[in-house]
Amino acid sequence: MCGIFGYLGKRKAVPILVEGIKNLEYRGYDSAGMAVASDKGRVISAKAVGPVVYLEKKIKKNRLFNGDLMAGLVHSRWATHGGVTEKNAHPHTDCSKNIWLAHNGIIENYSELKSDLISKGHKFKSQTDTEVIAHLIEEAKKKNSLVLEEAVRVTLKSIKGTYGLVIFDKREPGKLVIARNFSPLVLGLGKDELFVASDATPIAPHTKRLVYLKDGEMAVLKKGGYKIFNLDKKEINRRHLDIDWSYEQAQKGNFPDFTLKEIFEQPIALENSCRGRIDLKNKKTVLGGLAGLENELLKIRRLIIVGSGTAHHAGMLGKIFVEELAGFPVVTDIASEWHYRRPVFQKGDAFLVISQSGETADTLAALRGAKKKKILTLGITNVIGSTLARETNAGVYQHIGPEIGVAATKSFVSQSAILLQMAIFFGKQRGLSDAAAYKILRTFRNLPKLVQKILDKSEDIKAVAEKYKDSRDFLFLGRKYNCPVAYEGALKLKEISYVHAEGLPTGELKHGPIAMIDKDFPSFFIMPKDSVYDKNFSNVQEIKARRGPVLALTTEGNEDLKGLADDVIYVPEVPEILYPFLAVIPLQLFAYFSAVLRGQNVDKPRNLAKSVTVE
Ligand code: F6R
């Protein structure tokens, strides 16, 4: 949420910053702004409402941006405080326009601070919470003649809230000060140059060497290197990590957008999430991230899985996998709800958090609540070195490369695949038979090919989407393994095509929702030939009896639905536990084509941003 990118080095900063913020735009795209400084303390800035290209156009028109500007920062905004206007776009500055900063996060006590600053004569130009930081730094510098890092330190001690900050003062050229508290910030170590960003994507073209800042830390970046400190001035030494994906993976290639690219990457995403982890010969799964913890994992009596949005849906699927294969209870919850309640833990509990980005504020808050109770914490994330990865006791990485489309697609199949492997692992510890494990694993290994088969027929799904493109409401219905898939199908449709959609366990239809059904209200049934097929079939008839249009996803070769459902989509036959991996693909494609046909910006749906780092 909000993208920040900063550069300090020997090259001209402007083209690097422009390119960088384009790669980070999925974190926020309502406005953007840049400030760059020369070694002599000259600053040029620009802001624009709308996508980053508008900022880029402004910069191209202004020759001053061509100068020797070797340090700077750029920001793409997802508005929290204050409307989407140029004045509210970052960077923000103090009264004297010496201090420039970009911020991701929320300053909770900004209104008291602002009143106090106004009473001291400070003039505010924006409605944002962020601007108080610039004035506070100005005030601290003025009062005590502090260097920038000292003034920032004093300021950070007076603010409450979350921040990822990049700051410079034009009177101290060749220096950036950065700070983090619950909003991600990562340093990139190039040759004679330093980068800082909200995530690794814009740094990847320049260097693979990353250093993640932790909460409550700040760093001073200078031409000769960098130093990390905590807010009590204690210097911190941290080894760098290497990114495990290439810059090309963060590009669209021949696809019209990232969302379609990522939908089509799912065969390889599945392969990568299982690589080296399926031991077919010994009928088991091998999860390196859990190695050494076998005894503790065997003591688990209850697993609590939390996540947000799509990650929560994967967690719901994980619950069914674990209960079915390992036979111990699992509760799942939405992270934001879990951590507001008074969770009751018991002996033998373990806490599993799922987050593609590893930086979702709600999910991290839930994790921190569990850690306070000294519960074993496990994680599933895609981002190496992310906060989730660092703060859990152990976990499993997704290894699917960057997911840039705001709608989570490949992350769902990957998280679900890891959950199934975990369930088999827990199951084998608790007596799951070799035969049962083998039956699943044998086909599981072939899922990439089966997913590819569905993708190869994407034009068929497009034709179905075309038929329903004017529908304003949708129900997505599934039972057992496919209930979480129904939730996920509905979420995809609403978030990228803005069509009202609800995911429901099919059995709930008769307890209320069926009242909405009429000839204009379609229902999308996810009903492969599985143990609950007959029940679903009766529900289809109930909808048809009320003249509701029905789209049905079922198993290849099943002829029952012809003449009953209005449209039928087929997926290959697999053991029932594996259907979610196949069923979700047509739903993603349906949402994708529905959005394209409605003319929506699929990669950057309105009001949303990738990686929700504020609560
Ligand atoms: C839906 C979507 C969101 C994310 C959610 C969690 O398509 O993208 O619902 O799944 O914000 O994000 P992570 O997995 O990064 O914690």
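## Where the ligand sits

Which helices each supply at least two residues of the shell around the ligand? They are helix 9 (310–326) and helix 17 (483–497), with helices taken as DSSP runs (H or I) of at least four residues, numbered from the N terminus. Helix 17 gives the largest share, 3 residues.

Keep in mind that this is a predicted model, where local features need pLDDT of at least 70 and side-chain atom pairs count only at pLDDT 80 or more, while totals for chains, interfaces and linings use all residues. Residues are numbered from 1 along each chain as its sequence is written, and side-chain values use heavy atoms, with hydrogens and water left out.

## Who surrounds it

Let's meet the neighbours. The ligand is surrounded by 15 residues, where being near means having a heavy atom within 4 Å. The closest are Ser355, Gln356, Ser357, Thr360 and Glu495. By type, the shell holds 6 nonpolar, 7 polar and 2 charged residues; Ala, Val, Leu, Ile, Met, Phe, Trp, Tyr, Cys and Pro count as nonpolar, Asp, Glu, Lys and Arg as charged, and the others, Gly among them, as polar.

Domain 2 (249–445) and domain 3 (456–602) both contribute to this shell, so the ligand lies between them. The domain bounds come from an automatic or database assignment.

## Contacts and cover

Now look at the ligand's oxygen atoms. One is 2.6 Å from a side-chain N or O atom of serine 355. An oxygen also lies 2.7 Å from a polar backbone atom of glutamine 356, and for alanine 408 the distance from a ligand oxygen to a polar backbone atom is 2.8 Å. Taken alone, the ligand exposes 400 Å², and the protein buries 87% of that (areas by the Shrake-Rupley method with a 1.4 Å probe).

How values were computed:
A polar contact is a pair of N or O atoms within 3.5 Å; within protein, one must be able to donate a hydrogen and the other to accept it, and residues adjacent in sequence count only if both atoms are side-chain atoms.
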